[in-house]
Amino acid sequence: MYVFPTGLAPELVGVPRNQSTDIGANVTFKCTATGLPKPNISWIKNNDSFALQSNPRVTFINNPHSLTNHKTMHSQLFITRVKKEDFGKYQCEAKNSGGKNLSLPAFLTPKGTG
């Protein structure tokens, strides 16, 4: 018996980009995904999906593109007053009932380093 998928796996249409910044500055990573049903977006730091939830300086801003678009989700990861421990690898993961899709890594590095 063939079971039809319940949706289309999310497609990442906007992914986080590498950034370098100074200690104490603010940084925003962005991620946009489309899918049916509309995907949820979560963020992963250094392969740990819980690392960001314990950081009080991290804010997640998730908003649908518009009320008329039922497929697209836009997410921002906002870090205020960057500290040394914030540097590392960031990825967004879009998930729905059709599957999941993980972005390529974006790195947050100190300004002035290669």
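Some ground rules. Residues are numbered from 1 along each chain as its sequence is written, and side-chain values use heavy atoms, with hydrogens and water left out. Because the model is predicted, local features need pLDDT of at least 70 and side-chain atom pairs count only at pLDDT 80 or more, while totals for chains, interfaces and linings use all residues.

Let's start with the disulfide. A disulfide here is a pair of cysteine sulfur atoms within 2.5 Å. The structure holds 1. Cys-31 and Cys-92 form this disulfide, with 2.0 Å between their sulfur atoms. The link is right-handed, at 65 degrees about the S-S bond. It joins distant parts of the chain: Cys-31 sits in strand 3 (residues 27-36), Cys-92 in strand 7 (residues 88-96), and they are 61 residues apart. A word on strands: helices (H or I, at least four residues) and strands (E, at least two) are DSSP runs, numbered from the N terminus.

Is Cys-31 buried or exposed? Buried means under 20% relative accessible area, exposed over 50%, partly exposed in between, using a 1.4 Å probe and protein chains only. Cys-31 has a relative accessible area of 0%, so it is buried. Cys-92 is buried too, at 0% relative accessibility.

Next, charges. A salt bridge is a side-chain nitrogen of Lys or Arg within 4 Å of a carboxyl oxygen of Asp or Glu. The structure holds 4 of them. Look at Arg-57. With Glu-85 it forms a salt bridge, the closest N and O atoms being 3.9 Å apart. Arg-57 is in the loop between strand 4 (40-45) and strand 5 (58-64), and Glu-85 is in the loop between strand 6 (72-79) and strand 7, so the pair ties together parts 28 residues apart in sequence.

Arg-57, Glu-85 and Asp-86 are linked in a network of salt bridges. Arg-57 is buried, at a relative accessible area of 8%. Asp-86 is buried as well, at 1%.

Another salt bridge joins Glu-93 and Lys-100, with closest N and O atoms 4.0 Å apart. Glu-93 is buried, at 11%, whereas Lys-100 is exposed, at 55%.

Now the rings. Rings of Phe, Tyr and Trp (its six-membered ring) pair if their centres lie within 6.5 Å; planes under 30 degrees apart count as stacked, over 60 as edge-to-face and the rest as tilted. There is 1 aromatic pair. Phe-29 and Tyr-90 are stacked, 4.9 Å centre to centre, with 25 degrees between the planes. Phe-29 is in strand 3 and Tyr-90 in strand 7, 61 residues apart. Both are buried.

Last, the core. A nonpolar core is a set of buried Ala, Val, Leu, Ile, Met, Phe, Trp, Tyr and Cys residues joined through side-chain atoms within 4.5 Å. The largest one has 19 residues; Phe-29, Ile-41, Trp-43, Leu-77, Tyr-90 and Leu-108 touch the most other members. Strand 3, strand 4, strand 6, strand 7 and strand 9 (106-110) each give two or more residues to this core. Which strand gives the most? Strand 3, with 4 residues.
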